[in-house]
Amino acid sequence: MINYAFQNIDQSDIDSVVEVLKSQLITQGPKIEEFEKAVASKVDATHAVAVNSATSALHLACLALEVGPDDWVWTSPNTFVASANCAIHCGANIDFVDIDSRTYNMSIDHLLEKLKISKRLNKLPKVVIPVHFAGQPCDMVAIHKLSQEYGFQVIEDASHAIGAEYNKIKVGSCYHSQITIFSFHPVKIITSGEGGMLLTNENKIFERLIRLRTHGITNKKKFMDLQEVNDDEIWNYQQIELGFNFRLTDIHASLGISQLKRLDKFLNDRHEIAKYYDKNLKHLPITLPYQELGNYSSYHLYPIRIKKNVASKKQNEILNLLKKNGILANLHYPPVHLHPFYKAMGFKKNDFIEAEQYHREVLTLPLYSGLTKDQLNYVIDIMNKIFIS
């Protein structure tokens, strides 16, 4: 089967993990900080905090920005559920902003309209979480401008977008946000097996993330109850708030470090594959992925839209035919607000029309570094047979 995504592991990755397995420290050792510093340097951020998943990263990001009961968090309905669940885990209220019809990212027009209404109702969001869907950067300049005008903070969900840029600004630099998160799941651009990372330029946020990652514990005297600390003690720690065990291991970090060294190659491979698809699928009754001028996508996904009024076959039929021919295409994403958990909160069909329309038409074709030319030509050949037959 040709999967829609697949990890690219080489001998250098294997050697890096074996090296850690033979070392004395396989959990909280030096590789974690090395990985953090490498990613922060790559994306021009001041601080990085590695955690065990991007889901954990989103949760900690909300906590670090003091999201809690009675607060509102807004995100895109076109994302994985974790982008919204993080607010619920903090006891906050969640809402969504419909997507742009071309980029499939959060629509700036819809965001502005919703902010105006919410201001009148005194229900403005505390945090907005734009999602860089498929690796296409959101309009962070516009979102940042609105955050200053309406007083919300920004967490960038860049699970799809390490290596992406907009206006020559690197996603992850937090130039227009308080926090950015990355994912290192095996289907992403680079992988650490499982893992995620938070980027920030604010010292206060960084220090709290470090604590929250490890049970709310600190060994820094400036945060501790000094009545319980003796100056002659060599080692001590205190829990000063409720945190979690969201730590990454040195095993995972070593794989991430090795993968990061090939990030530029992976991105170039993805762009070449996307260009090849563009060239060889443009005659079919589909809409190809749109690329915003001035953006550099990481091309985590290659989503196409079926032109319903032109195509002779329906979405599900095409998915099944692809699978029958050994191609595991995918569908990104079922709108979050239509999952039963969120419908129970009162969300319903036609709440976010653009996201719902997109969902009825989208297919995600295979795209990953390591996809061979023969496999790529096979996918294109089957697509032609499906649509032309």
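Does Phe 244 count as buried, partly exposed or exposed, and what is its relative accessibility? In this predicted model, local features need pLDDT of at least 70 and side-chain atom pairs count only at pLDDT 80 or more, whereas totals for chains, interfaces and linings use all residues. Residues are numbered from 1 along each chain as its sequence is written, and side-chain values use heavy atoms, with hydrogens and water left out.

Phe 244 has a relative accessibility of 25% and therefore counts as partly exposed, where buried means under 20% relative accessible area, exposed over 50% and partly exposed in between, for a 1.4 Å probe and protein chains only. Twelve aromatic pairs are found in a search of the whole structure, a pair being two rings of Phe, Tyr or Trp (its six-membered ring) with centres within 6.5 Å, stacked if the planes are under 30 degrees apart, edge-to-face if over 60 and tilted otherwise. The rings of Phe 244 and Phe 246 are stacked, because their centres are 4.7 Å apart and their planes lie at 5°; Phe 246, at 14% relative accessibility, is buried. The rings of Phe 341 and Tyr 342, by contrast, form an edge-to-face pair, with centres 5.1 Å apart and planes at 85°.

Lys 114 lies over the face of Trp 74 at 5.6 Å from the ring centre, and the charged end of Arg 211 sits over the ring of Phe 223, 4.8 Å from its centre.

Definitions and conventions: Lys NZ or Arg CZ within 6 Å of the ring centre and 35° of its normal.
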